[in-house]
Amino acid sequence: MSATQTPARTPGPSRLDLLKHFFRSGFRFVEALTEEAEKHGDTFVLPLEVPTYILRNPDDIKHILVSNPLNYHKTGGLTVGEKVIGQGLVSSEEPLHGKQRRTMQPMFHKASISKFTEMMLESTASHTRDWKDGDSIDMSLEMMHLTITIVGLSLFNVDLYREGRELGMEFNRALNLVTRIQLMPFLPKWAMGSLQRKLDDSISKIDEAMAKIISDRRKLPESEWPHDLLSMILASRYEDGSPMPDKLVRDEVVTIILAGHETVANHLNWTWYLLARHPEVHDKLLKEWDEVLGGEEPSMEHMGRLPYTLMVLAESMRLYPPAWTLARRVVAPEKLPSGLELKAGDELLIMQYVSHRNPAYFPEPEKFIPERFSAENKDSIPKYVYYPFGLGPRFCIGEGFARLEALLLLVKMGRRFRFEMARSGEVRPETLIALRPRKGLPMIVRNAR
Ligand code: HEM
């Protein structure tokens, strides 16, 4: 990377400042950028080869994501794995994106998602069946296993942790390789070439398995198709009545696996971490669950009746948004509402992590205070400063699925267990594709009561 001229009126750290900052803070990337936002204000630019703006002005965010989204193409983060996810919803652009989104939307309606409730609860019960007071676990591994099981069962009725384990491992391998390639752009050519070859090998194994899953399903009469997302994708029709081509079916399925498990896993990881540090919040949750659910299992229908649980999950996503940044590239030059003049090719980072810690809207932003999201307080939080699921036409299609899954798993596990941190000190975030706990999350299982 080489330093370049940046517009004189946009503030930002020099390249040297940035390096010093990262070294001093032990390469704490998002924390350093949050501090830079406090120093420079809502808009600042990083001195990279292509000017890269970090934006948190709510009017600019609204303009880019909602008012004129076609002028801002997707890049970075969720699309780096484009080789793996192909032309799925996360990475495609218009007009393909709109066509796919309209076709896929009904699968994510409340009525079809709620049919996954029993499976989500059963998967959780079976995953945690043998856990007992005093056991040591790495919560981040446990949550990855549980959420990949759930996404595999929802998509094509295969448990990717058990009978579909080989395919599940292949997804993990591909995701790790994508992350390594993304994090190490300075690797020598030969080393990068070797990673790329491993990724290609992993992708061809995934393609082979996916082709078999799709053709096996097509061989069955439609009346025997199970209720899962693959059946819904195969049964869906475009506006002109034609079915989705197999290549796009494959891309959408792989996209949902990758977008739909690490995000939820990390949302839960951070929630367990916060509850371990705030046992009094866990007590209040138990009280709400006793009062509202009694002995019943949680369901979609309870979501509106568990306000404190939803407040805890919302505040957890404020502090630790699993999708920690949205990345866009400017298509045509444009002036933003704040006055910032953008050129074609400029890169934009709209960082949930930075916006969600803006003290102008969240006093004492580092503190875990679920009451920020109480009925009385939540309306004072503007839409464009808190956006864990994104905004506008690229808004997360799986939001309802993720919220249901997080609630069910939290109640199902949190009623039986509490989790204590196995090591002292604060857990720092690591900014991979999702915001993960750095060095995992070793915890000790305790009985909830
Ligand atoms: C807590 C969990 C989740 C979080 C925080 C999250 C967050 C996000 C965000 C921020 C975006 C927008 C990205 C952008 O605009 O650049 C997105 C898009 C997407 N998410 Fe999620 N997500 C979660 C769970 C899920 C689940 C469970 C699924 C599927 C079952 C899913 C599928 C998708 C897809 C397909 C897109 C692309 C939508 C489009 O561009 O039309 N996500 N997600």
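Helix H12 gives the shell around the ligand its largest share, 7 residues. The model is a predicted one, in which local features need pLDDT of at least 70 and side-chain atom pairs count only at pLDDT 80 or more, while totals for chains, interfaces and linings use all residues. Residues are numbered from 1 along each chain as its sequence is written. Helices (H or I, at least four residues) and strands (E, at least two) are DSSP runs, numbered from the N terminus.

The ligand is surrounded by 24 residues, the closest being Gly 260, Thr 263, Gly 390, Cys 396 and Gly 398; a residue is near a molecule if its C-beta atom, placed from the backbone, lies within 6 Å of it. Two or more residues of this shell come from each of helix H12 (246-277) and helix H16 (399-416). By class, the shell holds 15 nonpolar, 6 polar and 3 charged residues. Here Ala, Val, Leu, Ile, Met, Phe, Trp, Tyr, Cys and Pro count as nonpolar, Asp, Glu, Lys and Arg as charged, and the others, Gly among them, as polar.

Helix H12 also contains Asn 266. Asn 266 counts as buried because it has 29 C-beta neighbours inside 10 Å. A residue is buried if 20 or more other C-beta atoms lie within 10 Å of its own, exposed if 12 or fewer, and partly exposed in between, with C-beta atoms placed from the backbone. Apart from neighbours within four places in sequence, Asn 266 is in contact with Pro 322, Ala 434, Leu 435 and Arg 436; contact requires C-beta atoms, placed from the backbone, within 7 Å. Between the C-alpha atoms of Asn 266 and Leu 48, which are 218 residues apart along the chain, the separation is 29 Å.

Two strands pair if DSSP finds at least two bridges between them. Strand S4 is joined to strand S12 (residues 442-447) by 3 bridges in the antiparallel sense, and Asp 138 stands opposite Pro 442 in S12. Axes are lines fitted to C-alpha atoms, for helices over the stretch in contact, and angles run from 0 to 180 degrees between N-to-C directions.

Another open sheet has 5 strands in the order S1-S2-S8-S5-S3, with mixed pairing. Strand S1 (43-46) and strand S3 (72-74) stand at its edges with a single partner strand each, so one side of each is left without a neighbour in the sheet. The twist from one strand to the next averages 30°. S1 runs antiparallel to strand S2 (residues 52-55), with 4 bridges between them, and Phe 44 has Ile 54 as its bridge partner in S2. Helix H3 (residues 58-67) packs on the sheet and touches S2, S3, strand S5 (326-330) and strand S8 (347-350), at about 115° to the direction of S8.

Strand S5 pairs with S3 through 3 antiparallel bridges and with S8 through 4, also antiparallel. Arg 328 of S5 is the bridge partner of Lys 74 and stands opposite Leu 348 in S8. In a regular strand the side chains alternate between the two faces of the sheet. In S5 the covered face carries Leu 326, Arg 328 and Val 330, and the uncovered face Ala 327 and Arg 329.

Two packed helices are described by the angle between their axes and the distance between the axes. For helix H13 (residues 279-293) and helix H14 (residues 307-319), the axes come within 9 Å and cross at roughly 145°. Val 281, Lys 284, Leu 285 and Glu 288 of H13 meet Tyr 308, Thr 309 and Val 312 of H14. This contact has 4 nonpolar, 1 polar and 2 charged residues. Helix H13 also includes Asp 290, which is exposed, with 11 other C-beta atoms within 10 Å. The C-alpha atoms of Asp 290 and Asn 266 are separated by 26 Å, at 24 residues apart along the chain.

Terms used. Two residues are in contact if their C-beta atoms, placed from the backbone, lie within 7 Å.
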